[in-house]
Amino acid sequence: MITRKRLAAGVCALLAALAAGIAVPAGAVADETTAQDAPKVDLVLDVSGSMRARDIDGDSRMAAAKQAFNEVLDATPEEVQLGIRTLGANYPGNDRRTGCKDTAQLYPVGPLNRTEAKTAVATLRPTGWTPIGPALLKAADDLDGGKGLRRIVLISDGEDTCAPLDPCEVAREIAAKGIGLTIDTLGLVPNAKLNRQLSCIAEATGGTYTSVQHKEQLSDKVNQLVDRTADKTVTPVAVDGTDRCATAPVVKSGLYTDREEFGQHRFYRVDVRPGQELRASVSVSDDRQVALDYGVTLRAITVHGREIVRGEATGSGRTDVLSTGLRYPRAESDDENAPAETVCLQVANSFSPAAGVKTTPGLPLELTVDVVDGPDRASDVASFGLGRGWWLLGALVVAGFLAGLVWGWVSRWRVAVWRTN
């Protein structure tokens, strides 16, 4: 009996020691989130005549939208500046030119007064046309200024009635400005043509499209998008790459956005000092229909054109984003005054547009650059692909060895007890 208690105590102590060793935390990662302006959201609501239809849980589409807005206004985080814009809310006539200008700011983007905003929403009545394109342009102006996260949430039950101002092209123009604005769309009718249009608008800016058919689903989705705006994020900085290394803009550690034409090369320059490591990645989004078989290449080259390292990615189907990256560790120098080396990052793509697809503006490009201190020892660079995982591997080996010894002792003790009995 005493032997069994001692053995159990030993096993518990061993397991506790192993747990303590494995639970040792790795070095804390510094919080690199920088101070930003207040996040802004503009809710854009379709108030056209078709919103009178009573097909959402036995109620009209307008009533469902009002209920959702009231719930969203109650739940909007304090730090979010929210506004409401309407389209088709004021002109009931048949003049197309006038109807396609019918978009107005119902509640200005800013600190939220819930009572005033709800009062404004209560006055809405389904009225006129569906000028989605003009409303998106005005909504982008509503959110202009500042560097915080900005989001447009478009809710509509019908496709745009103001062509040739294509709302999908409007969304691409907004994205091309590199202002970090996302458009999310919600469709209140399961219509294939409407779905395609709203999906295209959302994809152009990295947003989401959702088909909504119930009141609760509408409220939950809009609430989710507003809450997502309040999350701390890194806002990309717009940069204009050039077609030559010599004239390329100099970028530092950070997140950047640009536009790249089909088959075009874009150059950016980064300064890397001795003992530092350059880490870069790029993502190119095919926000329109493209031909099959395409690729993205990211190269680090010298100012004289010699390739240092490259990263490549290829695809052969409909993929929203194609990404690749690279790492370049620069060796230490005995000269304390050694100058920084200028490394040129070249981004190239082999996308080609499908027949009839517009080639401008270019494809959305997102570039991440990180220049960090290089490894202290040469062994840190390789480590057989394990990096800091070596200590965990060692702990597991020791744990397995000790567990085997304990199991052997237990087995011998049980055999001895069996023989005695």
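The accessible surface of the protein comes to about 22,100 Å². Carbon and sulfur atoms hold 54% of that area. Areas were computed by the Shrake-Rupley method with a 1.4 Å probe, and for residues only the protein chains shown count as cover. The structure is a predicted model, in which local features need pLDDT of at least 70, side-chain atom pairs count only at pLDDT 80 or more, and totals for chains, interfaces and linings use all residues. Residues are numbered from 1 along each chain as its sequence is written, and side-chain values use heavy atoms, with hydrogens and water left out.

The protein has 421 residues, and 45% of them count as buried. Buried means under 20% relative accessible area, exposed over 50%, and partly exposed in between (1.4 Å probe, protein chains only). The protein contains 10 helices and 15 strands. These elements are DSSP runs numbered from the N terminus: helices are H or I with at least four residues, strands E with at least two. A contact is defined as heavy atoms within 4.5 Å. Among contacts with a separation of 6 or more, 75% join residues 24 or more positions apart.

Helix 7 spans residues 192–204 and has 13 residues. The distance from its first C-alpha to its last is 18 Å, close to the 18 Å expected at 1.5 Å a residue. The expected span is 1.5 Å times one less than the number of residues. Buried positions in helix 7 include Leu194, Leu198, Cys200 and Ile201. Asparagine 191 caps the N-terminal end of helix 7. A side-chain oxygen of asparagine 191 lies 2.9 Å from the backbone nitrogen of lysine 193. Just after the helix, glycine 206 adopts a positive phi of about 75°.

Helix 5 (residues 132–142) is mostly covered, with 8 of its 11 residues buried. The buried residues are Ile132, Gly133, Pro134, Ala135, Leu136, Ala139, Ala140 and Asp142.

Helix 2 (residues 61–75) packs against helix 8 (residues 215–230), their axes coming within 9 Å and crossing at roughly 35°. Axes are lines fitted to C-alpha atoms, for helices over the stretch in contact, and angles run from 0 to 180 degrees between N-to-C directions. The crossing is right-handed, that is, the near helix is turned clockwise from the far one by less than a right angle. Helix 2 contributes Ala64, Ala65, Gln67, Ala68, Glu71, Val72 and Ala75 to the contact. Helix 8 contributes Lys215, Leu218, Ser219, Val222, Asn223, Val226 and Asp227.

Several loop residues were examined individually. Threonine 302 is found between strand 11 (294–301) and strand 12 (307–315). Threonine 302 counts as buried, at 9% relative accessibility. Leaving aside neighbours within four places in sequence, threonine 302 is in contact with Ile308 and Glu341.

Most residues other than glycine have a negative phi, and most peptide bonds are trans. Aspartate 57, in the loop between strand 1 (40–46) and helix 2, has a positive phi near 55°. Its relative accessible area is 45%, and aspartate 57 is therefore partly exposed. Aspartate 293 lies in the loop between strand 10 (276–285) and strand 11. Its phi is also positive, near 65°. With 56% relative accessibility, aspartate 293 counts as exposed. The peptide bond from threonine 360 to proline 361 is cis, with omega near -5°. Proline 361 sits in the loop between strand 14 (341–349) and strand 15 (363–373).

Notes:
A polar contact is a pair of N or O atoms within 3.5 Å; within protein, one must be able to donate a hydrogen and the other to accept it, and residues adjacent in sequence count only if both atoms are side-chain atoms.
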